[in-house]
Amino acid sequence: MRSFAPEPVTAEGCVSLGGGDAFHAVDAATGEERWRTPERWVVTASPVVVDGILYVGIRGSLVAFDAASGQLHWSAEFPGADL
């Protein structure tokens with residue numbers, strides 16, 4: 001797998017970024033953590049936000065979160081894809 005450093009994305013008053021242990025969102029004004037994913041995920045594509053939904057490629061899957069709350073909307077697997 002290629003080495004990748006995703007760019008942060010801002011939406012819904014949050015700055016979101018994948019890290020070594022989770023996908024994180026912090027309050028853009030205070031820097032306080034708003035939410036994080038419960039699993040360790042390898043982020044392989046920079047996130048994008050459309051209409052309040054955060055989409056991110058995570059090791060062969062595309063995952064959709066609510067950008068403000070971190071609630072998982074859905075995930076889709078793409079075996080063999082370099083997402």
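**Ground rules.** Since the model is predicted, local features need pLDDT of at least 70 and side-chain atom pairs count only at pLDDT 80 or more, while totals for chains, interfaces and linings use all residues. Residues are numbered from 1 along each chain as its sequence is written, and side-chain values use heavy atoms, with hydrogens and water left out.

**Entry 1, the sheet.** I looked up the strand order first. I found an open sheet of four strands, running β5-β6-β7-β8 with antiparallel pairing. Strands here are DSSP E runs of at least two residues, numbered from the N terminus, and two of them pair if DSSP finds at least two bridges between them. Which strands stand at the edges? They are β5 (48-50) and β8 (72-77); each has a single partner strand, so one side of each lacks a neighbour in the sheet. I noted an average twist of 20 degrees from one strand to the next (axes are lines fitted to C-alpha atoms, and angles run from 0 to 180 degrees between N-to-C directions).

**Entry 2, inside the sheet.** I then checked β6 (residues 53-58) against β7 (residues 61-66), and they pair in the antiparallel sense over six bridges. Y55 has A64 of β7 opposite.

How many aromatic pairs does the structure hold? I got two. Rings of Phe, Tyr and Trp (its six-membered ring) pair if their centres lie within 6.5 Å; planes under 30 degrees apart count as stacked, over 60 as edge-to-face and the rest as tilted.

W35 and F65 make a tilted pair, 5.5 Å centre to centre with 35 degrees between the planes. W35 sits in strand β4 (residues 33-36) and F65 in β7, 30 residues apart, so I see distant parts of the chain linked. Are these two buried or exposed? W35 is buried at 6% relative accessibility, and F65 is buried at 2% (buried means under 20% relative accessible area, exposed over 50%, partly exposed in between, with a 1.4 Å probe and protein chains only).

The rings of Y55 and W74 are also a tilted pair, with centres 6.0 Å apart and planes at 50 degrees. Y55 is in β6 and W74 in β8, so this pair ties together parts 19 residues apart in sequence. Y55 is partly exposed at 24%, and W74 is partly exposed at 37%.

I found S16 in strand β2 (residues 14-18), buried at 3% relative accessibility. Leaving aside neighbours within four places in sequence, S16 is in contact (heavy atoms within 4.5 Å) with P8, V9, F23, H24, A25, W35, P47 and L54.
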